[in-house]
Amino acid sequence: MALYKSKIQQIPASAEAVYDKLSDLSSLRQLLAQVPASAIPAEKRDLFDAVKVTEDTISFPAGPVGELTMRMTRCVRPQLITLEGVGSPVALKMMLEIAPTGTETCEAAVAIDIAIPAMLKPMIGGTIQKMADQFGDVLRQIRYE
């Protein structure tokens, strides 16, 4: 397994507020609905519109792999939310790690753990790292109140 981790993000909300918001995937559906059309590049709009969210899963297009579904499998309040790939061609796990830094602040990072063959790691490792970094950046932009 290869582990790709985002930069640690400083978040102006309590660890509990961040956990509560992100461990409820129905709130993710609401967040996606609030994203202004102008914030999504035209060439990515179809991909954005194809994202599906249920109570415990999120599904999105994943290029040649087809649709990728991630199911919430472990939650430890307020420090960890784990999603695992369902039916993905390789073992895949995404963890949101949250650490309180004060009563109204915390740090958070996204880690992606994926089983990729060693010969493919140089070809797709950079893309997976970029994805982890983008997920990390999104954490900082969400309003948690």
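This is a predicted model: local features need pLDDT of at least 70, side-chain atom pairs count only at pLDDT 80 or more; totals for chains, interfaces and linings use all residues.

User: How many helices and strands does the chain have?

Analyst: There are four helices and eight strands. In sequence order they run β-β-α-α-α-β-β-β-β-β-β-α. The radius of gyration is 15 Å, close to the 15 Å from the globule rule for 145 residues, so the chain is as compact as a globular protein of that length.

User: And what does the C-alpha trace span along its principal axes?

Analyst: About 45 × 35 × 25 Å.

User: OK, switching to strands. Which way do β4 and β5 pair?

Analyst: Antiparallel, over five bridges, with β4 covering residues 57–61 and β5 covering 67–76. F60 sits opposite L68 of β5. Their hairpin has five residues between the strands, and G63 there takes a positive phi near 55°.

User: What about β5 and β6?

Analyst: Those pair antiparallel too, over seven bridges, and β6 is residues 80–86. M70 has G85 in β6 as its bridge partner. Three residues make the hairpin link from β5 to β6.

User: New topic: where is S6, and is it buried or exposed?

Analyst: S6 is in the loop between β1 (2–5) and β2 (9–11). S6 has a relative accessible area of 6%, which is under the 20% cut-off, so S6 counts as buried.

Conventions. Residues are numbered from 1 along each chain as its sequence is written. Side-chain values use heavy atoms; hydrogens and water are left out. Helices (H or I, at least four residues) and strands (E, at least two) are DSSP runs, numbered from the N terminus. Buried means under 20% relative accessible area, exposed over 50%, partly exposed in between (1.4 Å probe, protein chains only). Two strands pair if DSSP finds at least two bridges between them. The radius of gyration is taken over C-alpha atoms; the globule rule is 2.2 Å times the number of residues to the power 0.38.
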